Amino acid sequence: MRVLVTGAAGFIGSHLVDRLVAEGHEVIGVDDLSSGGNRLDGAELHRLDVAGPALAELARERRPEVICHLAAQVSVRKSVADPMHDARINVLGTVGVLEAARASSARKVIFTSSCAVYGVPAGLPVPGDAQLRPASPYAASKACGEVYLETYRALHGIDYTTLTLANVYGPRQRPEGEAGVISIFSDALLTGKPTKVYGEGKNTRDYVYVLDVVDAYVRACGQDGSARRFNIGTGVQTTDRDLHTLVAEVAGVRDEPEFAPPRPGDLPAMAVDPAPATEGLGWSPRMSLRDGLAATVDWARRR
C-alpha cells in the first residue's frame, strides 16, 4: 500500500512512518519541518506546506491509496493568541489534504482530531458519540475538519476515519501541548531543574502511549472505521501530581515539585472512552502508564 503521511517528521508521524515502513508499505512523507525534525528511514520526505498547492500536485503524481493527516498547529494557547495562523494550518491544511485526496483518487483519509473538541465534558470518560463543544480556536479547527471530511465524502466519495486522540506521550515528544508535560517533567528531573505543578495538582488527563496510537492509525488505514470517529485513549484519569510522582520514580530522583497558581482556562479533567475503537477497529491500548513513562524517560536520558 502507498501511504502519504503529513506531519511525517513530527512526534506521532515519525513513529507511524517507522511502523508502515517496517510492514513493507511505501511511504511518502510530507512536513514543513517547522516543528518536527525526526529522521525518516526507508521513506521519502517532501518539505512543503499542506495548505499550499504543492501537496495536491505531489499526490496527483504519486497517487497514494491512503493519506494519514497529522500535520497541525497543536497548541491551544497559541491558537487563542493567533487564531488566523491556527485556522490556516488546521482548517486550510485539512482542505488541502482533502483536495490532494481528490486529485489522487485516494481511497481514504485518516484525520487526526483531539479530545479538546469535547470542551468541558458532561461526564467521564467521554463517549465516542459525545457532542462537540470546542472552547478554543484549536478545538474549533479540529471540529471544522470533521465537517469537511463528511462534505468531501458526500461530494467526492472519499472515505475517512477520524481518530480523536487523548494525551499522547512517548519518545521523540516535544514539550508543547497537553501531554508535553511528560517531556517537560522528564527533561527537568533528569537535569536537576525545578518542576512545577499548577494549582493543587488535581487536574486529570488521559495519557496514551505513542506506539499504541500508531497501531490505531495502521488499523484505520484498512477498510474498517468508514466515516466514523474513534476516541484513542485509555479511559483512565491521572492527576498532575500523580504523574509527577510516576515520572520521578522511573527517573530515580526525588519527587519534590514546586506548586504554582492554577492557570486560567485549564480543563479540570479529561478521559475518553476507547470502547468504540475496540469494537470498530479491534484496537485497545496495551502499554501501561508506568512502562510507557519508563520508555520515555529512558529515551530522554539517552538523548
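Predicted model: local features only at pLDDT ≥ 70, side-chain atom pairs only at ≥ 80, totals over all residues.
**Entry 1: Arg63**

I looked up Arg63 and found it in the loop between helix 2 (54-62) and strand 4 (66-69). Then I checked its backbone.

**Entry 2: Ala227**

I went on to another positive phi. Ala227 isn't a glycine either, yet its phi is about 55°. I found Ala227 in the loop between helix 7 (210-220) and strand 11 (228-232). With 24% relative accessibility, Ala227 counts as partly exposed.

**Entry 3: Pro125**

Next I looked at a peptide bond. Most peptide bonds are trans. The one from Leu124 to Pro125 is cis, and I wrote down omega near -5°. Pro125 sits in the loop between strand 5 and helix 5 (137-156).

**Entry 4: Lys108**

I picked Lys108 next, which lies in strand 5 (residues 108-114). Which side chain of opposite charge is nearest to Lys108? I found Asp159, 4.5 Å away. A salt bridge needs the two charged groups within 4 Å, and Lys108 has none, although it is buried.

So what does its side chain reach? I found the backbone oxygen of Asp224 at 2.7 Å, and the backbone oxygen of Gly222 at 3.1 Å. I also listed contacts of Lys108 beyond its neighbours within four places in sequence; among them are Glu65, Val66, Ile67, Tyr160, Thr161, Ala220 and Ser226. Asp159, Gly222 and Asp224 are on that contact list as well.

**Entry 5: Helix 1**

Last, I followed helix 1 (residues 11-22), which has twelve residues. From first C-alpha to last, helix 1 reaches 17 Å, close to the 16 Å expected at 1.5 Å a residue.

Which residues of helix 1 are buried? I got Phe11, Ile12, Gly13, Ser14, His15, Leu16, Val17 and Leu20. I then checked what covers these buried residues, and the cover includes strand 1 (2-6), strand 2 (26-31), strand 4, strand 6 (159-165), strand 7 (167-169) and helix 7. After helix 1 comes Gly24, and I noted its positive phi, near 90°.

Conventions. Residues numbered from 1 in each chain as written. Heavy atoms only, no water. Helix = DSSP H or I, 4+ residues; strand = E, 2+ residues; numbered from the N terminus. Buried < 20%, exposed > 50% of the residue type's maximum accessible area, 1.4 Å probe, protein only. Lys, Arg positive; Asp, Glu negative; His and termini not counted. Polar contact = N/O pair within 3.5 Å; in protein donor to acceptor, adjacent residues only side chain to side chain. Contact = heavy atoms within 4.5 Å. Expected span 1.5 Å × (residues − 1).
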